[in-house]
Amino acid sequence: MKVKTSITLSQEVLAAIDKLHPNRSEFLEKAARSYLRALRQAERDARDRALYEKYAAELNQQALETLEYSAYYNEEDERAAR
C-alpha cells in the first residue's frame, strides 16, 4: 500500500537524486529500504559480535583441543605409513 506524504529535503539532495533517477519517490523508497536493511544487518552483527565475545574463551579452547586431537592422529597416520 502506498501512502502519499510530504518531506523536506535540501535543493542539493534533490538535484543529486534528479541526476541519478527519473522518479524521486521510487529512488527515495529504494534508498530508505536499503538503509533499513543495513540497520537490521548492523543490529544482527552487533548481537553476533556480543555472543562471540561472550564465548570467545570457550570457543578458542575447543578449537585448540580439536587441533591437538587432529595433530595426534596425523602423527599416528605418518608412523603407520612408514
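From the N terminus on, the elements of the protein chain follow the order α-α-α. The secondary structure thus described comprises three helices and zero strands, where helices (H or I, at least four residues) and strands (E, at least two) are DSSP runs numbered from the N terminus. The model is predicted, and local features accordingly require pLDDT of at least 70, side-chain atom pairs count only at pLDDT 80 or more, and totals for chains, interfaces and linings use all residues. Residues are numbered from 1 along each chain as its sequence is written, and side-chain values use heavy atoms, with hydrogens and water left out.

Of the 82 residues in the protein chain, 4% are buried; buried denotes under 20% relative accessible area, exposed over 50%, and partly exposed the range in between (1.4 Å probe, protein chains only). The accessible surface of the protein chain amounts to about 7,800 Å², and carbon and sulfur atoms contribute 55% of it.

Four salt bridges were counted, each defined as a side-chain nitrogen of Lys or Arg within 4 Å of a carboxyl oxygen of Asp or Glu. In one of these, glutamate 29 pairs with lysine 2, with the closest N and O atoms 2.9 Å apart. This pair links distant parts of the chain, since glutamate 29 lies in helix α2 and lysine 2 in the segment before α1 (11-20), 27 residues apart. Glutamate 29 is partly exposed, at a relative accessible area of 30%, whereas lysine 2 is exposed, at 69%. A salt bridge also joins the side chains of aspartate 18 and arginine 24, at 2.7 Å from N to O. Aspartate 18 is partly exposed at 38% relative accessibility, and arginine 24 is likewise partly exposed at 37%.

Within helix α2, lysine 30 and glutamate 26 are four residues apart and therefore separated by about one helical turn. The two residues form a salt bridge in which the closest N and O atoms are 3.5 Å apart. Salt bridges with shared partners also join Lys2, Glu29 and Arg33 into one network.

The largest pocket has a volume of about 440 Å³. On a 1 Å grid over the protein atoms alone, a pocket is an open set of points where a 1.4 Å probe fits, with protein on both sides within 12 Å along at least five of seven lines, and lining residues have an atom within 4 Å of a point. Grid points are joined across faces, edges and corners, and the volume is the space filled by probe spheres set on the points. The lining of this pocket consists of 14 residues, with Val3, Thr5, Arg24, Ser25 and Leu28 lying nearest its centre. Helix α2 (residues 24-54) supplies the largest share, seven residues. By class, the lining contains five nonpolar, two polar and seven charged residues, with Ala, Val, Leu, Ile, Met, Phe, Trp, Tyr, Cys and Pro taken as nonpolar, Asp, Glu, Lys and Arg as charged, and the others, Gly among them, as polar.

A nonpolar surface patch is formed by Leu51, Tyr52, Tyr55 and Leu59, which together have about 410 Å² of accessible area. Patches consist of residues with over 30% relative accessible area and no salt bridge, nonpolar side chains (Val, Leu, Ile, Met, Phe, Trp, Tyr) being joined within 5 Å and like charges within 9 Å. Leucine 51 is located in helix α2 and is partly exposed at 46% relative accessibility.

Technical notes: Accessible areas come from the Shrake-Rupley method with a 1.4 Å probe; for residues, only the protein chains shown count as cover.
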